[in-house]
Amino acid sequence: MTDVNTKGLEPPDEPEAPTNRPPSMERIRTWLSRPYARGIVILSLIIGVLLLPMAWIVLIPMNVTGAPASEIMVNIEQTVFVFTLVSVPIVSFVYAVLVYSLIKWRGHKGDSIPEDKSPAIRTNTIGVVLWTAVSAGLAFFLVVWGLIELAQITSNSYGTVTADQQPGGEQSIIVNVTGQQWVWTFEYPQHDGVTTDVLYLPKDRAVYFNVTSKDVIHNFWLVELGVKIDANPGAITQTGVTPTKVGSFNLRCAELCGMHHAYMETEVEVMEIESFTSLMREMGGGKTA
Amino acid sequence: MSAMSTGAPVFGTDVPQPVQYGPPGGMMRRLNLVTAVVLGVGCAAIAGFVIDAVVPSTASTATFAPVAPDLIYLGMLAGWVIGFMAGIGAFVGPIRWFMGRDLTHLDAEYMAGKDLGWRRYFKFTTDHKVVGLQYLVVTMFLLGLGGLLAMLIRTELGVTWAEVFSPSFYNSMIGTHGIAMILAMILAVMGPIANFIMPMMIGARDMAFPRLNALSLWLVVVAAVCLVSTLFTGGIQDGWSVYQPLASQGPPAMLGYQMTIIVFAISTGVASINLIVTAVTMRAKGMTWTRTPILVYGVIAAALMGLYAFPFFQYAQIMALTDRIWDTSFFNPLQGGSVWLYENLFWLLGHPEVYVILIPGTAVLFEIMPVFLRKPLFSFNFAVAGIIGVVALSGLVWAHHMYMTGWAPSTNYPFMLSTELISIPVGFLVLVVIGTMWRGLVWTRLPVLAVYAVIFNKMIGGVTGIYLSDVPADQYFHGSVFVVAHFHYMLMGAALFAAMAGLAFYFPKMTGRVLDERTASIGFWTAFVGFQVTFMAMFVAGLQGMPRRVLQFDSLFNAPNQIATVGAYIIGIGMLIFAGAVVYSWSSGDRAPANPFGSKSLEWQTPTPVPLENFAVLPVISERPYTYGVPDPYENVSLNSERKPDAQRVGGSP
Amino acid sequence: MNDDSAQVLAPTTGEPISTIQRRAKAGLWGLVVMDAAGTLAVVVAYAYLWSLNVNGGWAPPGASIKPSETDELLPSSPPKASFAAEWPFWMILLLVCLSTLAMWFGYKELKRGNNAGMIVGTTSASIITVIALIAQWLQISTFPFAASDGSYASAVLLLCAGNLFNLLILIFLQLGMLTRTRKGLVTRAVWYQPQILSYWMVWLCIAFFLGALCTTFMVESPNVEPAIFGTFQQDSA
């Protein structure tokens, strides 16, 4: 048996007097009295604090072109924010172990085989249980949050409504979106079938999209409004949104559709309902539905 | 009885041998890579000429596409595949079986490459060590091809003020890069390391079906050539996933893709069966499942996932082929076909495949860490549980790639659940790494230092994967370069770097030489730094809303792309340095000792270079693996209460 | 040769036959998993396309013409495409099952030491397989549709092509087994190859059965109002 290197690994001295602290606190204190335990905990906290701003930082590039322009996009950004926050603890802990190992647990260097000096820990029940509980708990939280957000977004995007069930009420707009290589066309059935190649949308009105393709799979992505659905040939997919911001936004194709996939972009013009209605009328369509 | 001759000694026992027809090896003596290439090219040429003569050049399909180039190319591919496999001797086995001319011991020794010297690397050699090194060469070739294409892609994306390549060429570059890298990564650990190391690790002399082993390798060689041929027939212009019906618009190269996958799927299936049967039935005496090293578990898991998932991909390509050639309507919506069918079949493979790539890489890390930290693997049972959990869930998550297709919106909920659940077993694997690292004194060599890089990347990849697994977030990120950055973090940052760590670790045993670790480390860490630059910048571009698979984009995305390109060149330089170190050390490095890292695992107890039969006497196992370390000074009761004596006994009964 | 299989050593490597047999059987399981996944892919494709009826293209064109409408057609019009008859699938399945039974019979006889019985079983199995092969080929060549006649036609042709491929491999395996038995390489002591071939044939029966189920119970598509391609309307046919 080789010499055990106990430098820095000595168990702590006995406390001088019995205390009233509960046993579990005692165990935590004992564990924390080990220098590496303290080191890793502190390092986790430091890394955690450094990583925490990521939750806000990731939203900056997302909003650089005017997002969020709808409730859906707000939901999406909330999700990204919360997920980043929730990931920070585990990532910080793992990175803390990596860093601490590289700094404090450096051992042998060179070509010769080192002697066995590390403690032969085959398992640690507390560690395993804690990790499982925390990761399962976090995963569960993410699932529940995600499901709630998904339900919210689904209702915000009216995505489960089929083409013939869409309300043609006074307040809502229906747009038939056709993707084809390599251009988007929009038809407004409620306005005498006016066809445009720029997507005009009214603010604060529910908009339903029926999406299809004339050739290959495209993807209808209203970037700042957080709308995305494939345009499939031979099928009609539905989604919807209520734009909440006036402005000029981007529609990009997000599924490779051939040579000029990169150019399959167009503008999304969100305007007040009065401007929208007069624009439709100008283009030849009174409201017929 | 008529087919048997009098007994010949085989490992000291008289065994009735089949009749020896001619010199040992028979037909195999005359077949090698040269005959294979000649026969392959010859059959391809004949097929091409015949079809060219038979099919009128004015023939066209219902959609007015010319039929002749497709048929000629397909015929040539089929001719290449069949001719090459005939020329390398793949059919000799079945024909001999049919005729009742079984292999004698001398035949088997010949086919294992006994006394053939360097020639055995260019023949249908059954020795798993030869096959492992052949896989290594093929993998490095595919990585080189993919890497070159990656440099070209990033050049196009970095030159934001001009179009360097035409759109169709750019599309072929990204498609070919994708599939070449995917194939390379599937093989990266399962090829060289599983084949070379695993049989020795379990104390076997070879794999369960040695001839199938050689078959699986040469099928990959054939498939790789089919893949390269696509570069000359128009390029794979539809991404690596080759969604229909866009693929039907593609040039004849799409047939090359289909043939590549059909052949590769056969290779994978055969190799998976081989690996699983070897691991399950050929472990040494005394090696119960609790005494089996974790790499074996990882290999079995990956092989199992490949086995059940690859046929979906293969059939999807067969259907795509019939759609193109015979005008069937699997994916043609005008006549009843469904694009969603293709997507489902594709992703039924596509998702398990990433675990096929990830699990063996992680298992290699599990083998590296005990050796260089001189302590046992933390919670072996947890590692096994994590691997089993991943395998169990891997088949239930595929439609998270299809959240945005609209195929069945109500399925988004259950798939989101299963996808988020799979993060738990993957988390177990990270815990095992962290737990092994815990309080372990690090022997600062490249294989274990690479583990830090892998875990760093894996956490980033994992967290961004959680974003994508969530439908609301995916509604923004799907189809953007955020996804591209995520999977590069996993498949390259975690899996490729892990494979490189594995290569650095097993290099002395596999090649018999010492790896120049200084140069290899410089290459590795250069690539690591470049990797962070490239893909962090790509995350930013994705967050800003840049779609994927585009060569021109909004000026908004210029800065991240230019930065990413600079990073990519740094990766390229780093990888070249690493590859250079590998090649140089392989050809002229110092001779390696048998066990330079003091590993207690069975494969390191063999001499270097490893003799043909691996072990003179098959070992008997009596201990758990990873018997490193000293008792924990903090524990009054030793946590290692089941720990057996230090040395693992090797050698023993016949 | 010693009849006690535990002591019989396989030629080539000198390992006990029981070891080789265990490995081969494990390998067979792998093959079954692989083929099952492939079969599942075909069945999934069939069922999914049946359920979707994209653009009304599932049925072969003309398959839904009622008899009364044909009276209005010109007598010289070509015969319309239609769904395949169902009984050939079951007949071929029956033949495969019979071949399997013959093979099992042969294998059981072999284990009892009756080599002649093995030869009888394998020969009859081979003959039945050849009949099944011919029947399958005839079925494919007399289908009332072509490959380009919609997704039903495509799915059925793929199914039958898979069947044909399996039958071709099967005849090779059965004839090989016959030759080897006659050469004395397959005996009571070295029984494992007929065993795994018999197991494989049981799987084949299951695969053929799944195909027959599809073509019998999933014929007319349930989606009678598919979307019309390229438009936002639905077919109200």
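Start by selecting A:Tyr188 and A:Val194: A:Tyr188 stands opposite A:Val194, a residue of strand E3 in chain A. (Strands are DSSP E runs of at least two residues, helices are H or I runs of at least four, and both are numbered from the N terminus.) Before you go on, note that this is a predicted model, in which local features need pLDDT of at least 70, side-chain atom pairs count only at pLDDT 80 or more, and totals for chains, interfaces and linings use all residues. Residues are numbered from 1 along each chain as its sequence is written, chains are lettered from A and ligands numbered from 1 in the order in which they are written, and side-chain values use heavy atoms, with hydrogens and water left out.

**Stop 1: the strands of chain A**

Now widen the selection to E3(A), residues 194-196, and look for E2(A) running antiparallel to it, joined by 3 bridges. Two strands count as paired if DSSP finds at least two bridges between them. Follow the hairpin from E2(A) to E3(A): there are 5 residues between the strands, and A:Asp192 takes a positive phi near 65 degrees.

Next, colour E2(A), residues 183-188, by face. A:Trp184, A:Phe186 and A:Tyr188 make up the covered face, while A:Val183, A:Thr185 and A:Glu187 lie on the uncovered one.

What does E2(A) pair with in the antiparallel sense over 5 bridges? That partner is E1(A), residues 173-180. Pick A:Thr178 and you will find its bridge partner, A:Thr185, in E2(A). The hairpin joining E1(A) to E2(A) has 2 residues.

**Stop 2: where chain B meets chain A**

Show both chains and select the residues in contact (heavy atoms within 4.5 Å): 101 from chain B and 97 from chain A. The two chains bury about 8,800 Å² between them, 67% of it on carbon and sulfur atoms. Buried area here is the accessible area (1.4 Å probe) that two parts lose on being put together, summed over both. Within chain B, highlight B:Trp438, B:Arg439 and B:Tyr634, which lose the most area to chain A, together 9% of what that side buries.

**Stop 3**

Zoom in on B:Arg445 and A:Asp111, whose side chains form a salt bridge at 3.5 Å, N to O. The rule (a side-chain nitrogen of Lys or Arg within 4 Å of a carboxyl oxygen of Asp or Glu) finds 5 salt bridges across this interface.

Finally, select the helices of chain B that each supply at least two residues to the side touching chain A, among them H11 (339-373), H13 (412-437) and H17 (517-544). H13(B) gives the largest share of that side, 13 residues.

Technical notes. Buried means under 20% relative accessible area, exposed over 50%, partly exposed in between (1.4 Å probe, protein chains only).
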